[in-house]
Structures are given as structure tokens and as C-alpha cells.
Amino acid sequence: MRVLILGGSSEASALARALAGDGRFAPTLSLAGRTRAPVLPPVPARIGGFGGVAGLVAWLRAQGAGAVVNATHPFAARMSANAAAACAATGTPLLRVLRPEWCPQPGDDWRVVPDMAAAARRLGDAPRRVLLTVGRQDLAPFAAAPQHDYVIRSVDAPPKDALPPRAVVISARGPFAEAGERALLRAHAIDILVTKNAGGDATEAKLAAARALGLPVVMVARPPAVPGGTVPDVAAALAWLEDVRAGRA
Ligand code: NAP
């Protein structure tokens with residue numbers, strides 16, 4: 001069965017690795033092409049947008065796809081909506097793999113905001129030292145809050161013209177451990193952290209570090225979920241694929 005995995009998350013890569021060499025499935029991993037040197041699992045990959053819903057419909061028909069697993073990042077709202085529309089149009093079974101959200105724990109000081117512009121405003125008027133871990137595509141709103149000093153951590157360095165005026169860039173790829181995160185916060189004298197509620201183990205340590213140091217966290221809430229079947233992890237996605245292949249789902 002031909003399976004399209006919409007990627008850009010660790011779950012997508014793990015699912016592709018799990019299907020590699022399994023003769024029952026012919027997976028293709030699709031990436032948007034945002035990461036300069038993606039770590040690719042050993043399955044066929046395609047890179048770049050499909051060209052909206054119509055492009056994805058055409059791709060699914062041309063490939064005879066039997067199922068789509070949307071394992072994009074929890075904040076990839078447009079691709080998720082496009083996948084829902086294209087799968088409805090072609091009658092292709094669709095599943096979303098969406099890791100659970102992070103939840104505040106005792107000792108946390110979270111300021112939950114609906115989007116990145118609100119996150120920039122929530123930093124307030126007084127200058128602060130901010131650790132920004134929101135990804136390099138989402139920095140523009142912070143240009144409107146130039147009074148702060150920013151330490152920006154992202155997998156690929158953002159282009160210089162995307163940076164707020166007083167910014168230091170750290171290029172790093174998770175997973176990150178709590179001791180290292182505490183050291184980073186201390187070394188840069190950070191007094192507030194901004195992050196998306198991505199969920200997952202790989203980048204959660206910064207929250208524990210902020211808690212340990214008594215630092216507030218501006219937490220950008222997830223976009224609204226697209227209707228449709230959703231599972232929290234790769235094991236459940238594998239079980240679903242077996243059901244689809246066997247005609248049980
Ligand atoms: P998005 O806003 O939902 O999608 C924008 C457009 O990018 C889509 O309409 C589609 O173009 C293309 N696209 C997105 N994911 C794709 C995929 N897996 N394969 C082929 N085309 C894809 O997405 P985004 O938030 O910009 O994220 C882009 C990619 O980075 C996604 O794969 C996502 O999983 C990953 N990522 C995102 C974040 C984040 O915070 N947003 C964080 C880490 C990783 P067409 O309409 O032309 O098909």
C-alpha cells in the first residue's frame with residue numbers, strides 16, 4: 001500500500017524508519033524543504049510544496065496513495081488543512097499524528113498567548129533578556145519589540161534581515177537536556193523564555209530549566225485542530241496503517 005507521510009517532525013521520520021523494509025507498505029516521506037540539511041530516513045522522499053489542495057489531489061491520484069499520515073509539526077496548520085481537503089476529495093484515508101501538548105506543572109509561570117504577535121507584546125515595555133525558541137520562520141513579530149535583547153535558538157540560522165535589532169543566534173538541533181538548558185539560561189542571563197507549545201520530549205527540558213530558575217515562559221498556544229482522526233504517537237499510526245491495509249479502517 002502506498003503511504004504518503006507528511007513530515008517535518010520527529011514522528012514522521014520515526015514512522016518512515018518503521019515502514020522502511022516492510023514489504024506491505026511503500027512509504028514516501030514529504031518535506032516542505034524548510035530545513036537546509038534534513039536527516040532523511042531510508043525511504044523515498046519528495047521535497048517542496050505540492051501546490052495547494054489541487055496539487056496534493058493530483059499527487060495522490062498519480063501515485064495511487066492508499067493512505068496519508070499527516071505527521072507535520074503541530075503548528076503546520078495550512079498543510080494539515082490541505083491534507084484534510086485533498087483526502088476528502090480523493091477518498092484517501094487520513095490520520096493525524098499529534099503529540100500531546102505540554103501542560104503547566106506546579107512551579108511553572110506560563111503566560112499563554114494565541115499567536116506570535118501576542119507573544120512579542122506579552123514581553124512588555126521594559127527591556128528584558130529573552131530566549132526565543134520559536135523557529136526561524138516566526139521571528140518577524142519581534143521586530144516590533146526592539147527594546148529587548150534576544151537569544152534566538154534555531155536549527156538553521158535565520159537570515160540576518162529576519163532578526164530583531166539586538167539578537168544573538170545559536171544554531172542547535174535537539175534533543176536538549178535540562179542541565180544544558182539551565183546553563184544556557186544562566187550564561188545569557190535570560191529572564192524570560194518564549195516558545196510554541198510544540199509538545200514532545202526532545203525540547204521539553206527548557207521548560208524544566210525555566211521552572212528550576214523561576215523564570216516566566218510566554219507559551220504560544222497551538223492553532224485549532226483540523227477535524228479528523230488523530231493519534232498521539234507512531235505506534236498508534238502503525239496500528240492504523242495495518243487496519244487500513246486490512247480493510248478494517
Ligand atoms: P504550513 O504553514 O502548514 O504549510 C505551508 C505550506 O508548506 C503548505 O501549504 C505546503 O505547500 C508546504 N508544506 C508544509 N508541509 C509540507 C510537507 N510535509 N510536504 C510538502 N509540503 C509541505 O507549514 P509550516 O508551518 O510552514 O511548516 C513547514 C514544514 O516545517 C512542515 O513540514 C512542518 O512539519 C515543519 N515544521 C514546522 C514548524 C512550525 O513551527 N510551524 C516547526 C518544525 C517543523 P503547498 O500548499 O504548496 O503544498
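Author: Helix 2 passes helix 3 in a right-handed crossing, where right-handed means that the near helix is turned clockwise from the far one by less than a right angle, and left-handed that it is turned anticlockwise. Helices (H or I, at least four residues) and strands (E, at least two) are DSSP runs, numbered from the N terminus. This is a predicted model, in which local features need pLDDT of at least 70 and side-chain atom pairs count only at pLDDT 80 or more, while totals for chains, interfaces and linings use all residues. Residues are numbered from 1 along each chain as its sequence is written, and side-chain values use heavy atoms, with hydrogens and water left out.

Two packed helices are described by the angle between their axes and the distance between the axes. The axes of helix 2 (residues 52-63) and helix 3 cross at roughly 50° and come within 9 Å; such axes are lines fitted to C-alpha atoms over the stretch in contact, with angles from 0 to 180 degrees between N-to-C directions. That makes helix 2 oblique to helix 3, since angles under 35 degrees count as roughly parallel, over 145 as roughly antiparallel, 65 to 115 as roughly perpendicular and the rest as oblique.

Of the 22 residues around the ligand, Gly7, Ser30, Phe50, Met79 and Lys196 come nearest, a residue being near if one of its heavy atoms lies within 4 Å. By class, the shell has 8 nonpolar, 10 polar and 4 charged residues; here Ala, Val, Leu, Ile, Met, Phe, Trp, Tyr, Cys and Pro count as nonpolar, Asp, Glu, Lys and Arg as charged, and the others, Gly among them, as polar.

Taken alone, the ligand exposes 810 Å², of which the protein buries 80%, with accessible areas from the Shrake-Rupley method and a 1.4 Å probe.

Elsewhere, helix 5 (residues 178-187) and helix 6 (residues 205-213) pack at an angle of about 55° with their axes 8 Å apart, and they are therefore oblique to each other. Helix 5 passes helix 6 in a right-handed crossing.
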